[in-house]
Amino acid sequence: MKHTTKLLCGLLAAVMLLSVMLTGCTLPKPTLPGVGNVAATYGGGQEITTGEYLAYLYMNFNNVYQNYYYYAQYGMDPWEQVVPYGEDDEELPLADYITATTKDSISRIIALDKMMKDNGLNWLEEDEKSVDEELATMEPDAFIDYGISNDSFTKAYKNMMLTEYSVFMGLYGKGGINEVKDTEIRKYFNKNYLSYKMITVNLTDDQGKALSKEDKQKQLDLLNGYLKIYNEKGFEKAMDAYNQDNAAEGEKVTASKDEENRNDMDATELDSDTVKAIRSVEVGKAKIVEYGGDDEKNPTTASLIVRLDINEPKDLYTDSYESILYALKQEDFDKEVDKVMDKITVQFNDKVISKCDPKEFAEE
């Protein structure tokens, strides 16, 4: 499946969970005595079972906890950390944050499911087939110790992996209800995409202070040396020289490759100083550019920049289609989802939710 990174944000947990299951690793086994079978109700009697809720909770736990577990290495309790939540950045303890965002994810999935039905959309066939192939390897009762049946896990996993992407593409993708035409995609590509190779040095010391004239010139002399190599032998040889100059004593440097050195970026994802520096170089040319910082007379960075043609190779445009589609329509899409969410009341069973403690997933 080819999905944009941003659209997949939050789905990493599901992939991690499935990979653990497929590799046969030992999982923690929390017990949840006395928990009812219904975690939430919505839409006139429809239900989210406790098993489904636990599946969503565990996916979200994996996605969030990976950013906090390392606190234990420094003698701190990850669960004592607080995380900003919501528009007002309310500070929640980590466990409460995982629970709150799990409930948010479920509410969003419910809204997306309604949008799918209202617009006559289905999960994308190729993507569903790929997910089904993954799930087909699941062991019987793989997560029963979590209170999650295979059916509950399958339902939650497929919702997380398929629903949002299918609705988004069904609305704005090729052949979609509100299809974004190729002319608009191409216009965005031509305006915003940059292709370049770069070798960068700092013009400040470890404390962030501007280098002396002599030290700055040494850095610029290095870049000019790399520029000379580029002009004679190409950028990869220049990068190899840079890597060798910065390698540890005795370290063997592997020759770099074109695909490793080339950067193809949406300018909206780069800082303005870097964008200005790249655009100061003509396509097909190379130049050393000084930039960055608040003082124009004392730039913080110098780079050897080789500006490349965004139209070569030609597949850069086609490969960037979904990323551009996201950049153009994700904000509108979120607004539409929020409208549907506002019209749906999801009633969570507090008694059930309180007993489903994400902390137990971290116990050995």
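**Figure 1. Q81 is in contact with Y68, Y71, M76, L92, P93 and L94, once its neighbours within four places in sequence are set aside.** Contact here means heavy atoms within 4.5 Å. Before you zoom in further: this is a predicted model, where local features need pLDDT of at least 70 and side-chain atom pairs count only at pLDDT 80 or more, while totals for chains, interfaces and linings use all residues. Residues are numbered from 1 along each chain as its sequence is written, and side-chain values use heavy atoms, with hydrogens and water left out. You'll find Q81 in the loop that links α3 (50-65) to β3 (82-85). Those labels are DSSP runs, numbered from the N terminus: helices are H or I with at least four residues, strands are E with at least two. Is Q81 buried or exposed? Q81 is buried, because its relative accessible area is 16% (buried is under 20%, exposed over 50%, partly exposed in between, with a 1.4 Å probe and protein chains only).

**Figure 2. L94 sits in helix α4.** L94 counts as buried because its relative accessible area is 0%.

**Figure 3. Helix α4 runs from residue 94 to 118.** Count along α4 and you get 25 residues, reaching 36 Å from the first C-alpha to the last. That is close to the 36 Å expected at 1.5 Å a residue (the expected span is 1.5 Å times one less than the number of residues). After α4 comes G120, and its phi is positive, near 65°.

**Figure 4. Helices α7 (182-192) and α13 (321-343) cross at roughly 95°.** Their axes come within 10 Å; axes are lines fitted to C-alpha atoms, for helices over the stretch in contact, and angles run from 0 to 180 degrees between N-to-C directions. That makes α7 roughly perpendicular to α13 (under 35 degrees is roughly parallel, over 145 roughly antiparallel, 65 to 115 roughly perpendicular and the rest oblique). On the α7 side, look for E184, I185, Y188 and F189, which meet Y321, I324, L325, A327 and L328 in α13. What kinds of residues make up this contact? Eight are nonpolar, none is polar and one is charged (Ala, Val, Leu, Ile, Met, Phe, Trp, Tyr, Cys and Pro count as nonpolar, Asp, Glu, Lys and Arg as charged, and the others, Gly among them, as polar).

**Figure 5. Four strands make an open antiparallel sheet in the order β6-β5-β8-β7.** The edges are β6 (263-266) and β7 (286-291), each pairing on one side only. From one strand to the next, the twist averages 45°. Strands pair if DSSP finds at least two bridges between them. Walk across the sheet: β5 (193-202) has four bridges to β6, with Y196 opposite N263. Helix α11 (272-279) packs on the sheet and touches β5, β7 and β8 (301-308), its direction making about 105° with that of β5. Next, β5 and β8 share eight bridges, and M198 has I305 as its bridge partner in β8. Finally, six bridges join β7 to β8, including E290 with A302.

**Figure 6. β8 is mostly covered, with eight of its eight residues buried.** Which residues point which way? T301, S303, I305 and R307 point one way, A302, L304, V306 and L308 the other, and all are buried. In a regular strand, side chains alternate between the two faces of the sheet. For the whole protein, 44% of the 364 residues count as buried.

**Figure 7. Three strands form an open antiparallel sheet in the order β2-β1-β9.** Here the edge strands are β2 (46-49) and β9 (346-348), each pairing on one side only. Neighbouring strands are turned by 25° against each other on average, direction ignored. Three bridges link β1 (38-42) to β9, and the partner of T41 in β9 is Q347. Helix α3 packs on this sheet, touching β1 and β2, and its direction makes about 55° with that of β2.
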